[in-house]
Amino acid sequence: MITFTAEGRLDKDTAVININDNEFKIGLMGSDNPTPEEFLLGAALSCMMLTVYYVSKELNVKIEGVEGYIEGTLDPKGFQGEPGVPPGLLQVKYDLTVLSNDERIEEVMKLSLRRCPLKDTLVRSVNVEVSWKIRKV
């Protein structure tokens with residue numbers, strides 16, 4: 001098993017997140033910073049692209065590169081508390097272009113779709129636990 005971690009703090013209307021000594025500023029829609037949803041989509045896209053790279057190396061399939069686009073659809077009414085409307089992403093669409101002349105590239109793509117950790121996380125129910133502490137200041 002591998003455990004990934006991130007730490008963060010709120011600085012006014014910006015979440016400041018630290019991952020492996022890299023600091024990321026995340027904001028609400030309309031701010032100058034990317035939103036949590038945009039970070040999630042960026043992570044999902046990069047995960048798929050890196051999975052293609054990893055699987056191609058594993059199978060010794062030559063690729064010249066991978067280009068991608070991802071979009072997610074969200075109904076803001078859910079975040080605003082409207083009953084019956086989920087607050088999260090309702091749909092995610094990937095669009096990838098793999099640059100390769102290798103005849104086995106289709107196999108790489110099939111395996112990548114099956115093995116990409118974040119795509120799997122998006123489509124599968126995941127056990128999530130949240131604990132709260134309140135500290136009086």
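Me: On what basis are residues numbered and values computed here?

Reply: Residues are numbered from 1 along each chain as its sequence is written, and side-chain values use heavy atoms, with hydrogens and water left out. Since this is a predicted model, local features need pLDDT of at least 70 and side-chain atom pairs count only at pLDDT 80 or more, whereas totals for chains, interfaces and linings use all residues.

Me: Why is α1 called oblique to α3?

Reply: Helix α1 (residues 36–58) and helix α3 (residues 105–115) pack at an angle of about 130°, and their axes are 9 Å apart. That angle makes α1 oblique to α3, because angles under 35 degrees count as roughly parallel, over 145 as roughly antiparallel, 65 to 115 as roughly perpendicular and the rest as oblique. The axes are lines fitted to C-alpha atoms, for helices over the stretch in contact, and angles run from 0 to 180 degrees between N-to-C directions. The helices themselves are DSSP runs (H or I, at least four residues), as strands are (E, at least two), numbered from the N terminus.

Me: What is the handedness of the crossing of α1 and α3?

Reply: The crossing is right-handed. The term applies if the near helix is turned clockwise from the far one by less than a right angle, and left-handed applies if anticlockwise.

Me: Which residues of α1 and α3 meet?

Reply: From α1, the residues are Met-48, Thr-51, Val-52, Tyr-54, Val-55, Ser-56 and Glu-58; from α3, they are Val-108, Met-109, Leu-111, Ser-112, Leu-113 and Arg-115. The residues of this contact divide into eight nonpolar, three polar and two charged. Contact means heavy atoms within 4.5 Å. For the classes, Ala, Val, Leu, Ile, Met, Phe, Trp, Tyr, Cys and Pro count as nonpolar, Asp, Glu, Lys and Arg as charged, and the others, Gly among them, as polar.

Me: What makes Thr-51 a buried residue?

Reply: Thr-51 lies in helix α1. Its relative accessibility is 10%, so Thr-51 counts as buried; the term means under 20% relative accessible area, with exposed over 50% and partly exposed in between (1.4 Å probe, protein chains only). Not counting residues up to four places away in sequence, Thr-51 touches Ser-112, Arg-115, Cys-116 and Pro-117. The C-alpha atoms of Thr-51 and Val-108 are 57 residues apart along the chain and separated by 9.2 Å.

Me: Which residues of α3 are buried, and what covers them?

Reply: The buried residues of α3 are Ile-105, Val-108, Met-109, Leu-111 and Ser-112. Their cover includes α1 and β5 (89–99).

Me: Why is Leu-113 called partly exposed?

Reply: Leu-113 lies in helix α3. At 45% relative accessibility, Leu-113 therefore counts as partly exposed. Not counting residues up to four places away in sequence, Leu-113 touches Met-48 and Lys-119.

Me: What makes Val-92 partly exposed?

Reply: Val-92 has a place in strand β5. Its relative accessibility is 29%, so Val-92 counts as partly exposed. Among the residues that Val-92 touches are Leu-41, Ile-70 and Leu-122, not counting residues up to four places away in sequence.

Me: Why do Lys-12 and Asp-21 count as exposed?

Reply: Lys-12 is found in the loop between β1 (7–11) and β2 (14–19), and Lys-12 counts as exposed because its relative accessibility is 76%. Asp-21 is found in the loop between β2 and β3 (22–27), and Asp-21 counts as exposed because its relative accessibility is 72%. Phi is positive in a residue other than glycine at Lys-12, near 60°, and likewise at Asp-21, near 65°.

Me: How do you know that Lys-136 is exposed?

Reply: Lys-136 is found in the segment after α4 (117–123). Its relative accessible area is 78%, so Lys-136 is exposed.
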